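Biologist: I have the sequence and the model open. Can you walk me through some of the helix packing?
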Amino acid sequence: MSTDPLTGDTPPEPEAAAAVPAPDAHAGEDTVEAPGADDAGAVGGEPSGASATAAQPGETGRAGAAGESGTADESSTADGRSAGDAPASADAGGPAGESIPADEAASAGEAGEPGATAPDARPAGDTAKTAGTGDAPADTSPVRPKASGPSAATATAAQLAEAVRAVERGERSAASFFAEAPRAARPAATKPPAGKPEGTPAERTRPAPEAAAPHPAARPTAPATPRPPAPRSAPPAPTAPGIEGVRQILTAGGAPAALAEKTAEVLGERAAETLRADPWQLLSVPGVRPDQADGFARALLGSACGPDDERRAQALVLWLLEQAAVAGHSALEASALRAALAQRAVPDPDAALQTAIAEGAVLVFQDALDTPGQSRPAPAEDEEDDRPVRILLGLDRFAMAEESVADGLARLLNTFEPPADVPSDVRGPATETDEAEGEDQDQESPSENGAPAKGPLKAPDEAGEETGPGPARPSVADWARVATAAPSPSAAELIQATALNGLVAHTGAEAARAEPAALIAAARSLGLRAYGATHTENGRDRLAAHLADLLVPPAAPEAAAGDLTAAAVTVSGLLSGQEGPGRDTDGALALDLLVVLDAPQLDLETGAMLIESLTDGTRLILSGDPGVLWSTGPGRLFADLLAARFCDQVASRTPDFGPIGELVSGIGIGELNQVEAPGKEVVIVPVRDAGEAVHRTVQLVAESVPRAFGIPADQAQVITVGHGGAAGTRVLNAALKERLNPGPGRFGGFDPGDRVAYTPTPGRTLPGTVTGADATGLHLDCAGTAVAVPREEVEAGALRHGWALTAHQAAGRRWPAAVVVLPGDAAAGLTRSWVYTAFSRGERHLSIIQGADQALPHAVTDIPAKERTTRLRTLLQLQLTASETSPTPIHPK
């Protein structure tokens with residue numbers, strides 16, 4: 001065995017007795033569209049699903065899918081991200097199918113957990129006792145019985161729960177519910193000293209319960225004499241300080257000591273004390289499932305541990321909302337969350353929810369249910385808004401992100417000033433309100449966007465002040481001139497819309513990416529600081545190529561070409577300051593116009609950060625293909641913006657040419673058409689089972705595509721539905737490595753020359769090639785950029801082999817050739833957006849390994865996307881409604 005620091009055999013799988021798996025850097029990250037999506041974000045292992053039998057070659061129309069196993073190789077999220085990808089999860093001693101219940105999954109357009117039966121079989125709306133009845137849940141703990149009557153906090157929770165359900169049933173208005181005086185929040189429970197279980201008789205501070213009729217489902221108890229918990233055999237050992245204390249308590253609870261660093265990072269410097277007082281806080285560590293946290297709690301608390309422990313219920317509420325965010329939801333309906341808690345043996349889900357609300361851990365919102373396609377009516381002043389609403393619950397950080405995005409977009413619209421010579425009937429709100437201040441504006445030498453001129457930063461004079469004029473303010477005639485010179489009618493339309501609006505949404509497929517490039521070039525020719533930001537480095541390079549093509553004359557100086565192509569950046573590079581213009585003295589991005597390409601991949605938190613970084617009046621253009629998969633993070637920012645009709649929208653009329661473009665365009669409107677491909681641009685390869693799918697994939701990448709098209713194997717990308725399963729990325733990458741770059745995996749399982757996918761942060765994947773390793777870690781070449789991956793990240797699973805990727809990992813990138821693998825058990829993971837994204841990744845050639853039979857056309861025709869529960873559309877529509885009575889109204893087109 002080599003002595004290289006990263007050398008070593010693959011560590012053995014943990015034994016089944018392990019309570020908690022080691023964390024996986026890919027868990028909840030980008031894309032595992034595993035078939036049989038039975039978990040909205042739970043971290044679980046991959047069941048040993050059998051490969052399914054697909055259509056015989058030449059018999060793709062035969063309905064053979066019914067005989068396929070359809071086994072989920074891994075848990076899947078609403079957007080296909082890995083929810084079950086922790087390396088040790090499959091053997092961690094808990095079920096791999098931890099999931100948000102079928103009620104919630106159905107609300108998001110997903111399949112629920114197959115065969116899962118909730119412990120409480122009552123409907124979600126009946127899981128709680130009626131407010132004021134005094135009923136108590138059945139005592140499920142042998143050592144911690146609850147009194148039959150509710151405490152003050154429980155009574156308050158029950159009343160609030162009944163109020164929420166009354167709004168949902170339409171028996172009272174949402175306005176009356178939210179207009180009630182706030183109830184006093186229940187004081188936070190005091191954490192018990194180390195080793196003493198919370199909730200012993202001496203520690204209870206609740207008032208004595210009043211007499212009440214017993215709940216029909218509750219067994220008789222003696223509330224006046226609760227039984228004390230069984231004494232521990234010995235007091236716990238003193239906790240060591242620092243990280244050693246965390247390892248000590250993890251080991252005592254049967255959890256891997258490897259979780260110590262991550263646990264300390266999540267829970268802080270007092271992580272050991274926190275876990276001692278509340279073992280279920282382990283659920284906040286990524287990669288830990290509820291059954292594993294329960295096992296950890298049982299090991300620490302002994303017989304004092306029970307499913308009715310309030311600490312368990314509160315941890316589960318937060319965990320469920322976190323897992324919903326992994327699945328793409330920014331909030332959940334109250335009924336779905338109640339059902340999820342009941343499925344996990346929480347005796348009183350309503351009380352758990354209302355406790356979380358009262359303590360501020362969870363926020364509650366109302367969302368009016370409007371008829372699709374109809375505008376939202378504004379109620380008169382003397383009448384109450386009686387539209388049906390749904391009650392949503394969410395975490396504060398996602399709520400703040402959505403509200404920040406809505407407020408920021410409204411700010412850009414309201415502070416934008418179009419050119420001074422715009423006719424008064426088409427002027428924006430900022431111009432109308434500032435019309436009387438024109439003389440002052442001239443004295444202030446405003447910039448194009450109406451804010452004080454920041455301009456290209458000049459060298460300061462002796463007094464430290466910037467010198468030189470601010471950026472030019474193009475007139476309508478200037479914009480018209482550059483629009484006339486645009487390379488296409490759609491590009492001209494986009495330029496004209498940008499001249500008159502501070503916020504524009506632009507939609508189009510791959511060929512339409514030339515239109516934002518034309519806009520950037522036109523704006524820079526007018527003296528504006530214009531930039532285009534993409535989701536990936538590959539997208540940035542494609543944008544730079546479009547910008548280079550726009551140089552006139554073709555033989556333009558290299559300096560001019562470099563200046564223009566430097567306008568192409570990535571979103572992450574722009575925000576970090578590593579790319580683009582940097583920030584001005586106020587901390588805002590020093591630019592006048594920003595085009596964000598690949599806008600569907602923009603998640604809420606990144607979008608909020610980006611919009612907050614734009615100064616007042618900056619022009620923002622969000623451009624993207626609405627048919628591709630949404631972001632790996634929560635929310636659907638671009639889709640909600642389009643649905644709310646919050647700003648001017650420009651739809652490209654530039655089609656994608658060629659057989660691949662024709663095929664993908666049909667998929668976008670729900671049609672899977674047969675296309676003519678005289679040059680074999682599109683090839684369908686029927687397969688019988690997963691084993692044949694893997695064999696044909698290797699054959700295509702290693703032999704057929706290089707021979708027929710001259711495309712080397714390292715420029716052909718394999719795309720499949722999930723990481724696990726008989727034809728997932730793990731199996732495909734192992735087979736491709738054995739054929740293309742065999743080796744022992746000397747460097748942490750990798751060899752020089754291996755294609756890899758590096759995930760530095762959740763949701764961001766960098767394809768690259770291993771070039772070597774040393775004591776610091778692995779060294780990669782990522783599209784010409786040297787990247788060092790620390791040893792700790794390699795060991796934590798931040799690196800995968802990358803010959804095969806999932807569709808989410810491939811989003812925002814294109815390769816000369818793409819091989820899309822659709823095994824028989826992929827049926828449940830297919831949607832129109834997934835197929836559209838995967839099929840559009842090939843530039844010159846697309847091979848389809850078809851083993852999904854009729855599931856493929858069914859997905860294209862009938863399953864547009866996996867829905868997400870979000871609030872942004874409602875918030876944007878509220879901004880529009882509020883602006884109607886404002887002196888500076890928003891005028892979307």
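Modeller: Start with helix α16 (residues 514–525) and helix α17 (residues 537–549), whose axes come within 9 Å and cross at roughly 60°. Axes here are lines fitted to C-alpha atoms, for helices over the stretch in contact, and angles run from 0 to 180 degrees between N-to-C directions. Helices (H or I, at least four residues) and strands (E, at least two) are DSSP runs, numbered from the N terminus. This is a predicted model, in which local features need pLDDT of at least 70 and side-chain atom pairs count only at pLDDT 80 or more, while totals for chains, interfaces and linings use all residues. Residues are numbered from 1 along each chain as its sequence is written, and side-chain values use heavy atoms, with hydrogens and water left out.

Biologist: What do you call the orientation of α16 and α17 to each other?

Modeller: Oblique. Angles under 35 degrees count as roughly parallel, over 145 as roughly antiparallel, 65 to 115 as roughly perpendicular and the rest as oblique.

Biologist: Which residues of α16 and α17 make the contact?

Modeller: A514, A517, I520 and A521 on α16, and L543, H546 and L547 on α17. Contact means heavy atoms within 4.5 Å. By class that gives 6 nonpolar, 1 polar and no charged residues. Ala, Val, Leu, Ile, Met, Phe, Trp, Tyr, Cys and Pro count as nonpolar, Asp, Glu, Lys and Arg as charged, and the others, Gly among them, as polar.

Biologist: OK, next one. At what angle do α8 and α10 pack?

Modeller: Helix α8 and helix α10 (residues 349–358) pack at about 75°, with their axes 9 Å apart. They are therefore roughly perpendicular to each other. From α8 the contact uses E310, A313, Q314 and V317, and from α10 it uses A352, L353, T355 and A356. Those residues divide into 5 nonpolar, 2 polar and 1 charged.

Biologist: How many residues of α8 are buried?

Modeller: 14 of the 17, so α8 is largely enclosed by the rest of the structure. Buried means under 20% relative accessible area, exposed over 50%, and partly exposed in between (1.4 Å probe, protein chains only).

Biologist: And how far does α8 reach from its first C-alpha to its last?

Modeller: Helix α8 covers residues 310–326 and reaches 25 Å, close to the 24 Å expected at 1.5 Å a residue. The expected span is 1.5 Å times one less than the number of residues. Just after α8, G328 has a positive phi of about 105°.

Biologist: Moving on to α23 and α24. Where do they touch?

Modeller: The axes of helix α23 (residues 690–709) and helix α24 (residues 729–740) come within 10 Å and cross at roughly 45°. That makes α23 oblique to α24. The residues in contact are V694, T697, V698, V701, A702 and E703 of α23, with V731, L732, A735, L736, R739 and L740 of α24. Sorted by class, this contact has 9 nonpolar, 1 polar and 2 charged residues.

Biologist: Which residues of α21 are buried?

Modeller: L637, F638, D640, L641, L642 and A644. So 6 of the 8 residues in helix α21 (residues 637–644) are buried, and the helix is mostly covered. The elements that its buried residues pack against are α11 (396–415), β4 (503–507), α20 (604–612), β8 (619–624), β9 (648–651) and α29 (872–883). Just after α21, R645 takes a positive phi of about 50°.

Biologist: What is L642 in contact with?

Modeller: Leaving aside neighbours within four places in sequence, L642 contacts A505, T507, P626 and Q649. L642 is buried, at a relative accessible area of 17%. Between L642 and T507 there are 9.4 Å in space, C-alpha to C-alpha, and the two are 135 residues apart in sequence.
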